[in-house]
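Please consult the sequence and the structure below before reading on.

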Amino acid sequence: MGAEIIYGKDLAAELRLEMKEEVKKLAEKGIIPGLTVVLIGDDPASQSYVKGKQKASDEVGVDSNLIKLPDTTSQQELLNLIGDLNTDENIHGILVQLPLPDHIEEQAVIEAISPEKDVDGFHPINIGRMLTGEDTFYPCTPFGILTMLKSKNIEIAGKHAVVVGRSNIVGKPVGQLLLNEHATVTYCHSRTKDMKKYTTEADILIVAVGKQHFIKAEDIKPGAVVIDVGVNRMENGKLTGDVDFEAASEKASYITPVPRGVGPMTITMLLHNTIKSAKQHHQLSF
Ligand SMILES: Nc1nc2c(c(=O)[nH]1)N[C@@H](CN(C=O)c1ccc(C(=O)N[C@@H](CCC(=O)O)C(=O)O)cc1)CN2
């Protein structure tokens, strides 16, 4: 008996069709959701992700604009640009692609983006709202994971969710979203002693560490739901996750693959947040 594979790519395609219809309705009112993506430097992975964001925006009808800056851009230049974007009426979403070059302080940049345009959901105000269970822009990868779980009617309330990884982008917020759904949440990280003790107790195991095959079949509780957020490029150029997919599939009840799992949902939830922002800006609620 093998696990059911949750293909984020298929769910993302379904959701984007729905979004396309929503954007058409907005266009009838003269509203075009606008997204600006800022990319600093020439990191190949970041270039590929922003390309994916442009393509998905075109597909749905979101007006997306990419601003590419050299990695010599100073922090002040970037902050000035964000200041201009914050006051541009046609821009509903601002995203600065991470990671940033070392000389730019990530948190200063995140906090410079207006919380009303923070479609990444990284601003402390939006993180705070998420913490208190308010409706806000949720960080895209965690929100995508929650949407995937809900699409399969996977029960979250009362379940033990174990999150391996504590990044601000994925680990911390995904645990918070699961807590908001009444899961019992445990975080594991590089200083956790005897991690296996926790992972083998997880009904829902979320892995976001960026290490190939970090989680093996022996680390998984039989019947667990396994969500793999890792995107690791192997020497042969292929992508692989943080979980030993083949072996884990034999033990889990549901599992996400890499590629075509969580990744495509990240971009889809970004579009969701951008459309939400446009609607909020125009005080619409459909
Ligand atoms: N400002 C942000 N920066 C970063 C974020 C983010 O949410 N906001 N997340 C990641 C990168 N990321 C989006 O930006 C991202 C990662 C992976 C994918 C994806 O679709 N992966 C595919 C494989 C793609 C490939 O072939 O390389 C998959 O898993 O199927 C999309 C977006 C860090 N930075």
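UniProt positions are given here in the numbering used for this structure, and such annotations may be inferred rather than shown by experiment. The model is predicted. In it, the ligand lies between domain 1 (30–114) and domain 2 (140–263), because both domains give residues to the shell around it.

**Shell around the ligand**
- Of the 21 residues around the ligand, those that come nearest are Y49, L98, P259, G263 and T266.
- At least two shell residues are supplied by each of helix 2 (44–60), strand 4 (93–96), helix 6 (140–151) and helix 10 (262–281).
- Helix 10 gives the most, contributing four residues to the shell.
- Sorted by class, the shell around the ligand comprises 12 nonpolar, seven polar and two charged residues.

**Annotated binding-site positions**
- The unreviewed UniProt entry places the feature "binding site" at G165, R166, S167 and V231.

**R166**
- R166 is located in the loop between strand 5 (160–164) and helix 7 (171–180).
- Because 17 other C-beta atoms lie within 10 Å, R166 is partly exposed.
- Neighbours within four places in sequence aside, R166 is in contact with G171, K172, Y187 and H189.

**V231**
- V231 occupies the loop between strand 8 (225–228) and strand 9 (232–233).
- V231 has 19 C-beta neighbours inside 10 Å and therefore counts as partly exposed; a residue is buried if that count is 20 or more.
- Apart from neighbours within four places in sequence, V231 is in contact with L239, V258 and G263, and G263 is also one of the residues that come nearest to the ligand.

Terms used
Residues numbered from 1 in each chain as written. Predicted model: local features only at pLDDT ≥ 70, side-chain atom pairs only at ≥ 80, totals over all residues. Near = placed C-beta within 6 Å. Nonpolar A, V, L, I, M, F, W, Y, C, P; charged D, E, K, R; others polar. Domains from an automatic or database assignment. Buried ≥ 20, exposed ≤ 12 C-beta atoms within 10 Å, placed from the backbone. Contact = placed C-beta atoms within 7 Å.
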